[in-house]
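Visitor: I would like to learn how to read a structure of this kind, one feature at a time. Where should we start?

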Amino acid sequence: MLGLLLLYWIGKYFYKLAEEYNKSEWGFAILGVVVYYLGIVIMSFTSGIIIGIFYPDFFETFNETLFGLFMVPFGILSCYLLYILLEKSWKKTKEDQDRFKEQIS
């Protein structure tokens, strides 16, 4: 249930950002959720490979629930980085468009 609430908040923030800059709201809300899961998957594979190389016996007593909870911050971090990247890019584009409109008039 908490996972669904987290996905709702991620989608909501991306939706509001896209709405502010006149972009596809639902497309970017879905992109935020996909990036969340993608960040979790990439970090899970990376840490699994590293753990497998250095501690091969670790997976015999492996707690999957704890590992999943450990990966949540990486998903949130990937969403946050994408959010900041989109916001900076769109803000710069909007400022450039405003300057261009001022030069024309």
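**Reading the model**

Guide: Start with S47, which counts as buried because its relative accessibility is 12%, and buried means under 20%. S47 lies in helix α2. Leaving aside neighbours within four places in sequence, S47 is in contact with F67 and M71.

Visitor: Which residues does S44 touch, not counting residues up to four places away in sequence?

Guide: S44 touches F67 and M71. S44 has its place in helix α2, which covers residues 25–54. With a relative accessible area of 19%, S44 is buried.

Visitor: Is V34 buried or partly exposed?

Guide: V34 counts as partly exposed, at 45% relative accessibility. The place of V34 is in helix α2. From V34 to D98 the separation is 64 residues in sequence and 32 Å in space, C-alpha to C-alpha.

Visitor: How is confidence to be read?

Guide: Where pLDDT is low, the predicted coordinates should not be read in detail. This is a predicted model, and its protein chain averages a pLDDT of 92, with 99% of the residues scoring at least 70. Confidence is lowest in α3, where the mean is 90, and highest in α2, at 95.

Visitor: And how does one describe the packing of helices?

Guide: Two packed helices are described by the angle between their axes and the distance between the axes. Here helix α1 (residues 2–20) packs with helix α3 (residues 64–104) at an angle of about 5 degrees, the axes being 10 Å apart. Angles under 35 degrees count as roughly parallel, and α1 and α3 are therefore roughly parallel to each other.

Visitor: Which residues in α1 meet which in α3?

Guide: From α1 the residues are L6, I10, Y13, F14, L17, A18 and E20; from α3 they are V72, I76, C79, L82, Y83, L86, E87, W90 and K94. The residues of this contact divide into 13 nonpolar, no polar and three charged.

Visitor: How should I read aromatic pairs?

Guide: A pair of aromatic rings is described by the distance of the centres and the angle of the planes. A search of the whole structure finds twelve aromatic pairs. One of them is F14 with Y83: the ring centres are 5.7 Å apart and the planes stand at 85 degrees, so the pair is edge-to-face. Since F14 lies in helix α1 and Y83 in helix α3, the pair ties together parts that are 69 residues apart in sequence. F14 counts as buried, at 3% relative accessibility.

Visitor: What are the distance and plane angle for the rings of F70 and F74?

Guide: The centres are 5.8 Å apart and the planes are at 75 degrees, so the pair of F70 and F74 is edge-to-face. Both F70 and F74 lie in helix α3, four residues apart, which is about one turn of the helix. F74 is partly exposed, with a relative accessible area of 28%.

Visitor: Which residues form one aromatic cluster?

Guide: F58, F59, F62 and F67 form one aromatic cluster. F67 has already come up as a residue touched by S44 and in contact with S47.

Visitor: Last, the backbone. What is the phi of N22?

Guide: Phi of N22 is near 55 degrees, a positive value in a residue other than glycine. N22 is found in the loop between α1 and α2. With 71% relative accessibility, N22 counts as exposed.

Definitions and conventions:
Residues numbered from 1 in each chain as written. Predicted model: local features only at pLDDT ≥ 70, side-chain atom pairs only at ≥ 80, totals over all residues. Heavy atoms only, no water. Helix = DSSP H or I, 4+ residues; strand = E, 2+ residues; numbered from the N terminus. Buried < 20%, exposed > 50% of the residue type's maximum accessible area, 1.4 Å probe, protein only. Contact = heavy atoms within 4.5 Å. Axes fitted to C-alpha atoms, helices over the stretch in contact; angles between N-to-C directions. Parallel < 35°, antiparallel > 145°, perpendicular 65-115°, else oblique. Nonpolar A, V, L, I, M, F, W, Y, C, P; charged D, E, K, R; others polar. pLDDT = per-residue confidence, 0-100. Phe/Tyr/Trp six-rings, centres within 6.5 Å; stacked < 30°, edge-to-face > 60°.
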